[in-house]
Amino acid sequence: MIERIQAMVDKPSRVAIGLMSGTSVDGIDAVLVRINGVGSATRVETLAAQTYPFRPDTREKIFHVFTGSTSDVCQMNFELGRLFGVAACQIARQAGIEMEAVDFVASHGQTIYHVPHGQEMTPSTLQIGEASVIAELTGCVTVSDFRTRDVAAGGDGAPLVPYFDYLLFQEEGVHRVMVNIGGICNLTRLDSDLDRVIAFDTGPGNALIDEIARHLSSEQPYDVDGKLAAQGQVDETLLEELMEHAYFHKSPPKSTGRELFGAGFAHNLLRRVPPERHLDLLATVTALTAQSLQHSLARFILPWSPIDELVFSGGGVHNPTLMAMIQDRCHAFKIRTTDGFGIAVDDKEAIAFAVLGNETLHGRPGNVPRATGASKQVVLGKLSLP
């Protein structure tokens with residue numbers, strides 16, 4: 001097995017599968033990629049990509065696990081491992097590639113709890129989706145559990161995509177900020193010097209919007225095309241109040257999750273706002289994602305660096321109402337998506353973890369200490385052997 005891994009590492013390129021389920025819990029993003037090189041020489045070619053939506057009952061069980069029992073977590077860990085493994089086999093089959101030709105699988109898993117530094121709890125993070133099950137189903141070396149090593153080194157374990165951003169999107173002379181709008185919104189201010197890269201979670205992305213939308217319409221798990229929010233009016237007074245939240249004013253490094261901007265936050269708002277104004281509330285929390293991004297750029301990026309362009313990815317890109325609000329607040333900057341770089345907005349994070357897995361197999365660090373707060377760069381992840 002050691003010889004097999006060494007032979008894989010020595011190849012000029014590797015075929016890998018990246019697996020990701022984000023804070024929005026929509027489904028499993030699976031990508032099949034060819035990765036050439038390593039480190040700054042990394043180049044990625046997408047061979048196939050697909051999102052495999054969770055069945056409604058599975059999605060409900062995942063949400064239950066966020067506050068569930070040890071038994072719930074134990075069972076869902078293996079159930080998700082099976083679903084991730086099946087997704088890996090399906091994406092290879094879709095591309096017409098035998099699993100024997102896949103060098104490795106990199107799985108982010110599903111975050112079910114995240115405790116960053118600065119709280120009265122032990123800093124920790126937990127992603128489930130048992131990698132041993134993935135390795136068993138695929139027959140591939142599987143890299144998983146990327147975040148815990150950074151936490152062990154004093155970091156938050158998030159955000160981790162900034163190293164991928166640095167490898168693939170840094171361009172000399174261009175002041176570029178990468179923005180990913182998943183369940184949580186995060187950004188990466190790129191720089192040619194890794195030690196000068198700034199990255200952090202700006203606040204809620206789609207998670208809070210989804211929670212309010214589900215309350216308004218049980219038939220859909222999110223605000224499709226932002227149509228519901230477009231029917232409401234932003235409550236500027238409430239928006240201003242929400243922007244006073246301590247998280248938005250905390251200096252980076254910082255990270256957050258559903259524990260802060262999830263169901264509890266949404267239900268408190270729903271109790272405060274009368275039912276006849278819930279469309280306005282949805283418009284307001286949509287504006288909160290846009291406003292907290294603009295605030296982050298103005299307070300934590302522009303004092304240190306000019307911005308030429310914002311490059312967006314993530315599910316939030318498909319919400320025209322949200323993107324219009326962002327355009328209105330960030331009109332001074334050129335706005336692009338990762339599609340223009342050959343990486344589809346829905347595939348970026350799954351590709352990122354495939355690239356991080358490639359770095360791990362080469363014994364190379366994959367975190368950005370200035371982004372996560374870790375004391376040093378560390379090699380991320382754990383290996384599960386088939």
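**Reading a predicted structure, feature by feature**

Mentor: V25 is placed in the loop between β1 (13-21) and β2 (27-36). Helices (H or I, at least four residues) and strands (E, at least two) are DSSP runs, numbered from the N terminus. The model is predicted, so local features need pLDDT of at least 70 and side-chain atom pairs count only at pLDDT 80 or more, whereas totals for chains, interfaces and linings use all residues. Residues are numbered from 1 along each chain as its sequence is written, and side-chain values use heavy atoms, with hydrogens and water left out.

Trainee: What is the phi of V25?

Mentor: Most residues other than glycine have a negative phi, and most peptide bonds are trans. The phi of V25 is positive, near 55 degrees, although this residue is not glycine. D145 also has a positive phi, near 55 degrees, and is not glycine either. D145 is located in the loop between β6 (141-144) and α5.

Trainee: Is V25 buried or exposed?

Mentor: Buried means under 20% relative accessible area, exposed over 50%, and partly exposed in between (1.4 Å probe, protein chains only). V25 has a relative accessible area of 1%, so V25 is buried. D145 is at 16% relative accessibility and therefore counts as buried.

Trainee: Which peptide bond is cis, and what is its omega?

Mentor: The bond from A158 to P159 is cis, with omega near -10 degrees. P159 belongs to the loop between α5 (147-152) and α6 (161-169). Another cis peptide bond joins P252 and P253, with omega about 5 degrees. P253 lies in the loop between α10 (246-249) and α11 (258-261).

Trainee: How many aromatic pairs does a search of the whole structure find?

Mentor: A pair of aromatic rings is described by the distance of the centres and the angle of the planes. Rings of Phe, Tyr and Trp (its six-membered ring) pair if their centres lie within 6.5 Å; planes under 30 degrees apart count as stacked, over 60 as edge-to-face and the rest as tilted. The search of the whole structure finds ten aromatic pairs. One of them joins F63 and F66, which are edge-to-face at 5.5 Å centre to centre, with 85 degrees between the planes. The ring centres of F164 and F169 are 6.0 Å apart and their planes stand at 75 degrees, so this pair is edge-to-face as well. F164 is buried at 0% relative accessibility, and F169 is buried at 2%.

Trainee: Which residues do ring pairs link into a cluster?

Mentor: The cluster consists of Y247, F248, F261 and F265.

Trainee: Why is helix α7 described as largely enclosed by the rest of the structure?

Mentor: Helix α7 (residues 207-216) is described so because seven of its ten residues are buried. They are A207, L208, I209, D210, E211, I212 and A213. These buried residues pack against α2 (56-65), β9 (198-204), α11, α12 (263-272) and α13 (278-301); contact here means heavy atoms within 4.5 Å.

Trainee: How many salt bridges does a search of the whole structure find?

Mentor: A salt bridge is a side-chain nitrogen of Lys or Arg within 4 Å of a carboxyl oxygen of Asp or Glu. The search of the whole structure finds 16 salt bridges. One of them joins the side chains of E309 and R176 (2.6 Å, N to O). This pair links distant parts of the chain, with E309 in strand β10 (residues 309-313) and R176 in strand β7 (residues 176-181), 133 residues apart. E309 is buried at 6% relative accessibility, and R176 is buried at 4%.

Trainee: Which residues are linked in a network of salt bridges?

Mentor: The network links E171, R176, E309 and R336. A further salt bridge joins the side chains of E241 and R272 (2.8 Å, N to O). E241 lies in helix α9 and R272 in helix α12, so the pair ties together parts that are 31 residues apart in sequence. E241 counts as partly exposed, at 37% relative accessibility.
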